[in-house]
Amino acid sequence: MSAPNLRDRYLQDSISTASPAKLLIMLYDRLILDLMQGEEAIRGNDRELANDKITHAQEIVLELRVTLDMEAWDGAPGLANLYGFVLTELIGANIRQDADRVVGCRNLLEPLRDAWRDAASAST
């Protein structure tokens with residue numbers, strides 16, 4: 001098996017065996033990475049790469065929003081609204097190639113990722 005195939009298999013196994021909390025953290029980690037790379041691409045005038053990264057970030061935020069259990073806790077509607085705001089900001093950032101808007105979204109999402117990571121480590 002080639003190195004890329006081994007890597008893909010490892011990633012697939014990691015995802016399929018991860019707990020829900022770990023999957024959530026993995027999504028947030030990828031979301032933050034996409035935002036950082038999208039910002040860099042905008043600043044480097046690479047519109048195609050910026051579009052790819054920001055669009056993928058939008059897909060992750062949308063997935064987080066639609067899978068949010070609105071009945072699980074009373075903070076869920078507020079989190080859904082935040083996800084909606086971030087989606088709107090990312091669409092605008094992508095259209096206008098506005099790196100500062102991407103940074104603003106990352107600044108909102110990084111503390112959430114950190115909080116989920118802290119909560120997951122506290123429960124294990």
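Predicted model: local features only at pLDDT ≥ 70, side-chain atom pairs only at ≥ 80, totals over all residues.
Contact here means heavy atoms within 4.5 Å, and helices are DSSP runs (H or I, at least four residues) numbered from the N terminus. The axes of α4 and α5 come within 9 Å and cross at roughly 145°, with axes taken as lines fitted to C-alpha atoms over the stretch in contact and angles running from 0 to 180 degrees between N-to-C directions. The crossing is left-handed, that is, the near helix is turned anticlockwise from the far one by less than a right angle.

Helix α5 also has α2 alongside. Their axes come within 9 Å and cross at roughly 160°, which makes α2 roughly antiparallel to α5 (an angle over 145 degrees). Here, too, α2 passes α5 in a left-handed crossing, and the contact residues come out as 17 nonpolar, no polar and 8 charged.

As for α2 itself, residues 20–43 make up a helix of 24 residues. From first C-alpha to last it reaches 35 Å, close to the 34 Å expected at 1.5 Å a residue, where the expected span is 1.5 Å times one less than the number of residues. Its buried residues (under 20% relative accessible area, 1.4 Å probe, protein chains only) are I25, Y28, L31, I32, D34, L35, G38, E39, A41 and I42. They pack against α3 (47–66), α4 (76–96) and α5 (99–122). After α2 comes N45, with a positive phi near 60°.

L109, in helix α5, counts as buried at 0% relative accessibility. Leaving aside neighbours within four places in sequence, L109 is in contact with Y28, L31, I32, L35 and V86. L109 and Y28 sit 81 residues apart in sequence but 7.9 Å apart in space, C-alpha to C-alpha. Over in helix α3, Q58 counts as buried too, at 15% relative accessibility, and touches L87, L90, I91 and N94, not counting residues up to four places away in sequence.

Residues are numbered from 1 along each chain as its sequence is written, and side-chain values use heavy atoms, with hydrogens and water left out. Local features need pLDDT of at least 70 and side-chain atom pairs count only at pLDDT 80 or more, while totals for chains, interfaces and linings use all residues.

Note on methods:
Helix = DSSP H or I, 4+ residues; strand = E, 2+ residues; numbered from the N terminus. Buried < 20%, exposed > 50% of the residue type's maximum accessible area, 1.4 Å probe, protein only. Parallel < 35°, antiparallel > 145°, perpendicular 65-115°, else oblique. Nonpolar A, V, L, I, M, F, W, Y, C, P; charged D, E, K, R; others polar.
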